[in-house]
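Hi,

Here is the structure I promised to pass on.

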Amino acid sequence: KVAGLHIVSSTNEFAFLITLSIYPDANEVQDKETELREYGILAYEQAFEDYRHLVATYLPEQQDILVQLEQAGKNLQEGSTELILLLEEETIDASAILEAKGRFEEQELIYLSVIGEALDGEAGELIERERLVKSTVATSLLTIRIFTLVAVVASVLASDVIFASITHPI
């Protein structure tokens with residue numbers, strides 16, 4: 001989620017800085033925002049691969065969300081690239097930029113929605129696993145108590161038999 005939002009914020013900063021091209025250090029700051037955007041893309045790709053592994057290993061029922069997330073992430077990156085390319089053109093077409101920005105914002109909302117679904121699914125899985133662990137612990141404790149009780153009773157019976165055999169020889 002954070003990596004995707006990093007792409008969004010860097011794209012928006014870049015767009016803002018393009019409008020301030022009269023600013024003396026604008027190119028330097030734009031380069032920095034481009035670096036931050038590229039870092040956000042790399043961080044997103046790494047986080048997505050980690051999530052892909054998590055789904056493959058522990059959450060196979062979330063495969064459909066994984067596919068949706070992959071598409072939403074690609075759309076977000078493509079929207080970012082489209083908007084930046086439009087902003088870098090020699091002649092600025094304001095209507096094209098506004099349309100691209102609108103699509104980009106829509107892609108951001110879709111991305112956040114899919115991330116929310118994924119997090120909800122993981123939270124549900126976590127609650128279920130926590131319930132299973134608690135149940136396993138409770139069952140284990142009950143089993144330990146029963147075996148302890150059986151061991152104590154067996155010890156008492158064995159001591160009675162030994163005591164009886166010592167006090168009443170055959």
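How many helices and strands are there in the protein? There are four helices and zero strands, so counted as DSSP runs from the N terminus (helices are H or I, at least four residues; strands are E, at least two). Going from the N terminus, the order is α-α-α-α.

Before the details: this is a predicted model, where local features need pLDDT of at least 70, side-chain atom pairs count only at pLDDT 80 or more, and totals for chains, interfaces and linings use all residues. Residues are numbered from 1 along each chain as its sequence is written, and side-chain values use heavy atoms, with hydrogens and water left out.

Of the 170 residues, 27% are buried (under 20% relative accessible area; exposed is over 50%, partly exposed in between; 1.4 Å probe, protein chains only). Among contacts (heavy atoms within 4.5 Å) with a separation of 6 or more, 71% link residues 24 or more positions apart.

Q107 is buried, at 19% relative accessible area. Leaving out neighbours within four places in sequence, Q107 touches N75, L76 and G79. L141 is partly exposed, with a relative accessible area of 40%.

Cheers
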